[in-house]
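Biologist: I want to learn how to read a model like this one. Please take me through it feature by feature.

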Amino acid sequence: MELSWWAHLWSVLPEIVLVLAAALMMAVDAWLPEGRKRELGYWAIGGLAAALTVTAVQAAQLAGGIAVPYEAFGGSVRADLAAMLFRVIFLLAGILTVAISMDFRPLRQSGEYYILLLISVLGMGLMGAAVNLVMLYLALETVGIALYLLAGYLRDTPRSAEAGLKYFLFGVFSSTIMLYGLALIYGFTGEIAYARIAQALAGLPAPAVMAALLLILVGFGFKVSAVPFHFWTPDVYEGAPTPVTAFISVASKAAGFAVLIRAMIEAFPTAQANWVAIMAALAFVTMTVGNLLAIPQRNLKRLLAYSSIAQAGYILIGIAAASPLGVAASIFYLGIYTLMNIAAFAVAVIMTNVTGSEEIRDLAGLSRRSPGLALAMLAALLSLGGIPPLVGFFAKLLVFAAAIESGLLWLAIAGVLNAMVAFYYYIMVARAMYVDRSPEEEKPVWISRPARFTLWFTVAGVLLLTVLVYPLYLLAQMAAQAF
Amino acid sequence: MVPLTWYLLVATALFCIGVYGVLARRNAIAILMAIELMLNAVNLSLVAFWRYLHPTATTGQVFALFVLVVAAAEAAAGLALIISIYRNRETVDVENIDLLKG
Amino acid sequence: MGELIAFYLLAGIAVATALAMVITRNAVHSALFLVLNLVVVAVFYLLLGAPFVAMVQIAVYAGAVMVLFLFVIMMLGAERVGGTTGLRWQVPLAGALGAALIGGTLFAFLRAPAGLAPVGSPPVPFGDPAAIGERLLTTYVLPFEITSVLLLIAMIGAVVLARDSGPEGK
């Protein structure tokens, strides 16, 4: 089928908006006088919001059946509901990250920072839409390089520079190993498009496919920070500027899952028996190691790092289930996780601005110092922990149900046990806020207006989605059917 | 003509030497060079696969060209990060880069 | 026969330079060995009938990228920080991993005779810049455009990070 030029452009319309926004920001950066650089954040939010609007319209058209899914640019990208919903996650994470970046003290306000952020969101959108190996690798590297540079952005802070270098070395090493796997797949099949790879792989000996698959999973495992590819996570999360950490923990992870889900379902359906076993093992190890290592942490960012590793484990359960329910559960979980985790990191950003430290004990007395902030953190933590009335509970319920439906009862039980362990360290943070006292209690906490917006948005989102669980689930289900 | 196997063996050998270099060296610049060697090995296998197994479409060559571009971008970004850390710590030895305890 | 001898010779040089690159303690020597290795691989590309990739390899990789490496090494005076790691478990692990990978591949390829000879000749003109350029601007136009964005952010980031902060930290 010959596509019109408009159909080609339509498939990457959000990315086009982002490129234009990035170009505009370069001009605005040069034009704004030195004292008004903070306003660059509003321009970035504007660009991301424009792209979000476009994506939302496209998603509505696809969901409503007005537009049909198709592949564009010679089979490079696919325009379907899953790609659009993942874009919504990335763009939302981008907007919320910009909002907490604007008044983050250690960060000099500059156009380059926001441009790198916009381009990494662009790359993520393409990761979610990529349906051939070349596009996949390029999108992955675009996101990677932008994020390495953002992690090391505070060049006068040794910890940030160190985080950037570590992230870079681990990231490039794992993506190169993945690339070798991609080259093997090309060699075996002569194809780079997922759909045709799937056909060609059917007749190949299983060990060869397995070897390539394992190499590829190294790269994906790094992106979603699954154990044993998680070594970089705590160090990078601690050293990177906190807003960037929030962004990496949410958007980069979601992008990793987007490519993982699409590649497994579209390119490796014939090797499903193999990858289901790998995913189940990865899920088990990831959540267990993440939760156990989170317990002794005293630094809030390191605690959230291990918590985010554990969360990746729960999401992997949904993929291991390898069913429409499982994929829907994973997408649902990712959407919720985005809101919860950004809320937690927003509190970390605000506390860093006030106390200059990221230790959990510096949260002492927060409930008296700033009741609203403590309540927001509590809501985020309880939802991350999966406490019943909140939406995080439904997310866990869905992935566990998917595991049981696919006959992975042991994995679901392991997940429940893990959730109990996780509850302990989330409560420890809450305890610091509500029970511990501190001499600083009288000093008020200053929360900038954009950061306040992020807090309101995420917490309101968590609460609202608690009520609207079912529509959100239906949406995730429709996206899962798009593959 | 030389059998494909030989080309793939050379590529694999280069890749493995690169992996060894990444794991065993502690100079960040040397690690980055070892990664470049790995990328180079992947490219060799891509072009060899194209020539021997799938010569009708230029896919393998195009893939290799994209990998070359990415390698250049990675080198630029990586060296910038290395310069940045050198300004802070006066070292590029990854064992002395240890403020963050992993 | 001549081609086979040339191949063995080049393969020997490629592996030897790669080994020398990871073993030598001087970063400048490492970089020069890598340049040599890249040039040898470029000759492989010529043997394989991909002259365009070979030229790009020489110009961009062996040329520009490696000059950048040498420049940074000399600027930082980092050529002496070499040697292998003091973490004792890593070296045997690296060696074992490398040996396992080579062994596994050797086994896989020697057991699969299908890949021993070319399945057919590429259509003429197969490796020329015009054919590749045409595909880059038709089928691969989106990845092609993305590489421009990729290079742009690498450049922006490199400028921001490597720029001198100046006396008062601005």
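This is a predicted model: local features need pLDDT of at least 70, side-chain atom pairs count only at pLDDT 80 or more; totals for chains, interfaces and linings use all residues.

Biologist: Where is A:Phe73 found?

Modeller: A:Phe73 is in the loop between strand 1 (70-72) and strand 2 (77-79) of chain A.

Biologist: What should I look for in its backbone?

Modeller: Most residues other than glycine have a negative phi, and most peptide bonds are trans. A:Phe73 has a positive phi of about 55 degrees, although it is not a glycine. A:Ala322 is not a glycine either, and has a positive phi of about 50 degrees. A:Ala322 sits in the loop between helix 13 and helix 14 of chain A.

Biologist: Are A:Phe73 and A:Ala322 buried or exposed?

Modeller: Count neighbours. A residue is buried if 20 or more other C-beta atoms lie within 10 Å of its own, exposed if 12 or fewer, and partly exposed in between; C-beta atoms are placed from the backbone. A:Phe73 counts as buried because it has 24 C-beta neighbours inside 10 Å. A:Ala322 has 21 inside 10 Å, so A:Ala322 counts as buried.

Biologist: Which peptide bond is cis?

Modeller: The one from A:Val227 to A:Pro228, with omega near 5 degrees. A:Pro228 lies in the loop between helix 9 (206-223) and helix 10 (232-239) of chain A.

Biologist: How do I read a pair of packed helices?

Modeller: Two packed helices are described by the angle between their axes and the distance between the axes. Axes are lines fitted to C-alpha atoms, for helices over the stretch in contact, and angles run from 0 to 180 degrees between N-to-C directions. Take helix 12 (residues 272-294) and helix 13 (residues 300-321) of chain A: they pack at an angle of about 155 degrees, with their axes 7 Å apart. That makes helix 12 of chain A roughly antiparallel to helix 13 of chain A. Angles under 35 degrees count as roughly parallel, over 145 as roughly antiparallel, 65 to 115 as roughly perpendicular and the rest as oblique.

Biologist: Which residues make the contact between helix 12 and helix 13 of chain A?

Modeller: Two residues are in contact if their C-beta atoms, placed from the backbone, lie within 7 Å. Helix 12 of chain A gives, among them, A:Val276, A:Ala283 and A:Gly290. Helix 13 of chain A gives residues including A:Leu303, A:Ala310 and A:Ile317. By class, this contact of helix 12 with helix 13 of chain A has 18 nonpolar, five polar and no charged residues. Here Ala, Val, Leu, Ile, Met, Phe, Trp, Tyr, Cys and Pro count as nonpolar, Asp, Glu, Lys and Arg as charged, and the others, Gly among them, as polar.

Biologist: How do I check a single helix?

Modeller: Use its length. The expected span of a helix is 1.5 Å times one less than its number of residues. Helix 17 (residues 391-405) of chain A has 15 residues, so it should span 21 Å; its end C-alpha atoms are 21 Å apart, which agrees.

Biologist: What do the buried residues of helix 17 of chain A pack against?

Modeller: Their partners include helix 13, helix 14 (324-355) and helix 18 (409-434) of chain A. Among the buried residues of helix 17 of chain A are A:Phe394, A:Lys396 and A:Phe400. Just after helix 17 of chain A, A:Gly407 takes a positive phi of about 80 degrees.

Biologist: How many residues of chain B touch chain A?

Modeller: 33 residues of chain B are in contact with 32 residues of chain A. Helix 3 of chain B supplies the largest share of the chain B side, 16 residues. By class, that side has 23 nonpolar, eight polar and two charged residues.

Biologist: And what does chain C look like, by element?

Modeller: Chain C has six helices and zero strands. Of its 170 residues, 34% count as buried. Among contacts in chain C between residues at least 6 apart in sequence, 53% join residues at least 24 apart.

Conventions:
Residues are numbered from 1 along each chain as its sequence is written. Chains are lettered from A and ligands numbered from 1 in the order in which they are written. Helices (H or I, at least four residues) and strands (E, at least two) are DSSP runs, numbered from the N terminus.
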